[in-house]
Amino acid sequence: AMINMGGRSLKDKYIIYDEMQDTERYQMRELLSRIGDGSKVIIIGDPDQISNPHLGKHSNGLSYAATKMRGSEYAIVIEMFEDEITRSHAAREVARRLK
């Protein structure tokens, strides 16, 4: 839980945070500021799948971090587009209709 991370650095770790589109900006900043020496962090999420009613496609922590960290020597931002994602036809239709 993020509440237990206060003041800690995650040193020599490989960390994957998934479904991060529902984070607030301050939460993402807290997570990323905990990266310690030797650590690698992967942050995954889809801004089109936000379920937090207080966040938007561009106002969530994932989009905020991607925008601010783009071009940094410490970060790589990879964006995937719909035609690059492999899902069943049924899953694609559900995602499109329930957007």
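Guide: Helices and strands are DSSP runs, a helix having at least four residues and a strand at least two, and both are numbered from the N terminus. The model before us is a predicted one.

Visitor: How many of the residues that line the largest pocket does α2 give?

Guide: The largest pocket holds about 2,000 Å³ of space, and among the 48 residues that line it, those closest to its centre are Ile43, Ile44, Gly45, Leu62 and Ile78. At least two lining residues come from each of α1 (25-32), β2 (40-43), α2 (61-69) and α3 (89-97). Of the elements, α2 gives the most to this lining, and its share is eight residues.

Visitor: What is the number of charged residues in the lining of the largest pocket?

Guide: Here the classes matter, since Asp, Glu, Lys and Arg are the residues that count as charged. Sorted by class, the lining has 25 nonpolar and eight polar residues, while the charged ones number 15.

Visitor: What percentage of the residues of the protein count as buried?

Guide: The C-alpha atoms fill a box of roughly 45 × 25 × 25 Å along the principal axes, and the protein exposes about 7,800 Å², with carbon and sulfur atoms supplying 52% of that area. A residue counts as buried when its relative accessible area is under 20%. Among the 99 residues of the protein, the share that counts as buried is 19%.

Key: Residues numbered from 1 in each chain as written. Predicted model: local features only at pLDDT ≥ 70, side-chain atom pairs only at ≥ 80, totals over all residues. Heavy atoms only, no water. 1 Å grid on protein atoms, 1.4 Å probe; cavity = no way out; pocket = protein on both sides within 12 Å on 5 of 7 lines; lining within 4 Å. Points joined across faces, edges and corners; volume = space filled by probe spheres on them. Buried < 20%, exposed > 50% of the residue type's maximum accessible area, 1.4 Å probe, protein only. Areas by Shrake-Rupley, 256 points an atom, 1.4 Å probe, with all protein chains shown as cover.
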